[in-house]
Amino acid sequence: MGVSENYRSIVQELESLKPEGTPTLIAVSKFQPKEKVQEAISGGVIHFGENRVQEGIEKFSDLGKPEKDFILHHIGPVQSSHIRKYSGLYSFVHGVGSQKILEELKKRMDQDRWKIRYFLQVNLTHEDSKSGFSKEDIMELLLKKETLSSEFCVLEGFMTMGPSSGDLEETRKVFREISDIRKEFLPQGKLSMGMSGDYKIALEEGSDYLRIGTAIFGERT
Ligand SMILES: *Cc1c(COP(=O)(O)O)cnc(C)c1O
């Protein structure tokens, strides 16, 4: 099956499992050739995710108009060196993992007058290999809610990943915990969680954005 057929069949599955409030499906095109992205755009796919900023620029900058022909998401930890490259192309970033990065992002987007929506990355698995705020840090940060968004840099919600072990029971616990944090501290906020291996659990636990790569594009080359 082609990429856009895979995308559509997952969307249909999501709609049948959860007709009210089907999450947005982001097609994660990292390491996939540009031709596959073009094919997906022609087939009507709008939301794409890349985890290397430069790769995203090389693939997408001549594929049309951002926000109209495609909506590009940076997924994974945001680094200082990325921030100046978002303007003009990226609409969302999933993975602001520190206050320092957040300050840099706000400053840059306001300067460039380029609107970006961001997710705070929360690390609830206690794995050092994953970046993001701990539960305690995120709660402290949310007490200063008015400082979290600026004119061009808007807090969208929380992003998280399940444990590297892939244990689905553990994954559900992590997703449920972040869902509870949202309910209590940021009820209008959105959740970005769920990948090829755990998106049905993420759907059940109330995710708003699923980031799916291999189940749409096949194995990365
Ligand atoms: C690669 C990646 C995904 C997609 O992973 P698949 O298992 O291919 O669906 C989702 N989120 C992040 C942050 C990623 O780096």
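Visitor: What should I know about the model before we start?

Guide: This is a predicted model, in which local features need pLDDT of at least 70, side-chain atom pairs count only at pLDDT 80 or more, and totals for chains, interfaces and linings use all residues. Residues are numbered from 1 along each chain as its sequence is written, and side-chain values use heavy atoms, with hydrogens and water left out.

Visitor: How does the shell around the ligand divide into nonpolar, polar and charged residues?

Guide: The ligand is surrounded by K30, I75, G76, M159, M161, M195, S196, R211, I212, G213, T214 and R220 (near means that a heavy atom of the residue lies within 4 Å). Ala, Val, Leu, Ile, Met, Phe, Trp, Tyr, Cys and Pro count as nonpolar, Asp, Glu, Lys and Arg as charged, and the others, Gly among them, as polar. The shell therefore divides into five nonpolar, four polar and three charged residues.

Visitor: How far is a polar side-chain atom of R220 from an oxygen atom of the ligand?

Guide: A polar contact is a pair of N or O atoms within 3.5 Å; within protein, one must be able to donate a hydrogen and the other to accept it, and residues adjacent in sequence count only if both atoms are side-chain atoms. Polar backbone atoms take part too: that of G213 is 2.8 Å from a ligand oxygen, and that of T214 is 2.9 Å from a ligand oxygen. For the side chain of R220, the distance to a ligand oxygen is 2.7 Å.

Visitor: Is S179 buried or exposed?

Guide: S179 is in helix α7, residues 168-185 (helices are DSSP runs of H or I, at least four residues, and strands are runs of E, at least two, numbered from the N terminus). Buried means under 20% relative accessible area, exposed over 50%, and partly exposed in between, with a 1.4 Å probe and protein chains only. The side chain of S179 reaches the backbone oxygen of E205 at 3.2 Å. Because its relative accessibility is 11%, S179 counts as buried.

Visitor: Which class of accessibility does H126 have?

Guide: H126 lies in the loop between β5 (116-121) and α6 (135-142). Most residues other than glycine have a negative phi. H126 is not a glycine, yet has a positive phi of about 60 degrees. Its relative accessibility is 71%, so H126 counts as exposed.
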